[in-house]
Amino acid sequence: MRQSPNAGGSSVDTAAALTGRCLCAAMRYRCAALLYPATWCHCESCRRASGTAPVGWFTVARASVEFHGDALRTHRSSPGVERRFCSVCGTPLTYWNEQRPTEIDFTLGSLDEPDRVTPVDHIWMADAPEWDRPADGLPQHAGLRPTPLR
Ligand SMILES: [Zn+2]
Ligand SMILES: [Zn+2]
């Protein structure tokens, strides 16, 4: 499967493009540069979907995304929300919310070069278990960022 809603287009900035894959490499992706700074999400859905917490996310334009591989599966974890993962190895790859239809989030840990993206804050701390208390000095928000970034 090659999913490229923008096939033939040129919205992917080659110099800034990011690439990544799941653990088993059955699914690979390529996408354009970040739309916003990356974040750590401590919400219950991310914790359950990943089996741990927090989960690092970065956001890109959905139209810039190309998937390579045929193992992508979709789980609708909430109304209007789609989480996609590799059906072979289980790696969580993306989060999409119909309230931000032109954007998509990718898991930070799936990047080929994870050091290219650094989260700047923590969101949904209201959901975080007692053992999930970051001490990195970054801003911590009870829910979403106070600015309409996500
Ligand atoms: Zn996989
Ligand atoms: Zn979350």
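Two residues are in contact here if their C-beta atoms, placed from the backbone, lie within 7 Å. With that in hand, start with the contact pattern. Take contacts in the protein chain between residues at least 6 apart in sequence: 58% of them join residues at least 24 apart.

A caution before we go on. This is a predicted model. The chain averages a pLDDT of 91, and 88% of the residues score at least 70. Residues 1-12 have a pLDDT below 50. In the model, that stretch has 20 contacts beyond near neighbours in sequence. Where pLDDT is low, the predicted coordinates should not be read in detail.

Now the overall layout. The protein chain has 1 helix and 11 strands. Along the sequence the pattern reads β-β-β-β-α-β-β-β-β-β-β-β. There are 150 residues, and 29% of them count as buried.

Next, strand 3. Its side chains alternate. Tyr-29 and Cys-31 point to one face and are buried.

Which strands pair with strand 3? Strand 2, residues 18-21, is one of them, and strand 6, residues 66-68, is another. Strand 2 pairs with strand 3 in the antiparallel sense over 4 bridges. There, Thr-19 has Arg-30 as its bridge partner. Strand 6 also runs antiparallel to strand 3, over 3 bridges. On that side, Arg-28 stands opposite His-68.

Strands 2 and 3 form a hairpin with 6 residues between them. Ala-25 sits in that loop. Its phi is near 75°, a positive value in a residue other than glycine.

A second hairpin comes from strand 7, residues 72-78, and strand 8, residues 81-86. These run antiparallel, joined by 5 bridges. Thr-74 has Arg-84 in strand 8 as its bridge partner. The hairpin has 2 residues between the strands, and Gly-80 takes a positive phi near 80°.

On to the core. The largest nonpolar core has 26 residues. Which members touch the most others? Cys-41, Trp-57, Leu-93 and Phe-106 do. Strands 3, 4, 5, 8, 9 and 10 each supply at least two residues of this core. Strand 5 gives the largest share, with 4 residues. In soluble globular proteins, nonpolar side chains tend to be buried together.

Look closely at Trp-57. Leave aside its neighbours within four places in sequence. Trp-57 is then in contact with Ala-38, Thr-39, Cys-41, Tyr-95, Asp-105, Phe-106, Thr-107 and Leu-108. Two of these contacts, Cys-41 and Phe-106, are also on the list of core members that touch the most others.

Two backbone details remain. First, a cis peptide bond joins Ala-53 and Pro-54, with omega about -5°. Pro-54 lies in the loop between helix 1, residues 44-50, and strand 5.

Second, Trp-124. This residue lies in the segment after strand 11, residues 121-123. Why does Trp-124 count as buried? Trp-124 has 22 C-beta neighbours inside 10 Å, and the threshold is 20 or more.

Definitions and conventions: Residues numbered from 1 in each chain as written. Chains lettered and ligands numbered in written order. Pairing = 2+ DSSP bridges. Core = buried A, V, L, I, M, F, W, Y, C linked by C-beta atoms within 7 Å. Buried ≥ 20, exposed ≤ 12 C-beta atoms within 10 Å, placed from the backbone. pLDDT = per-residue confidence, 0-100.
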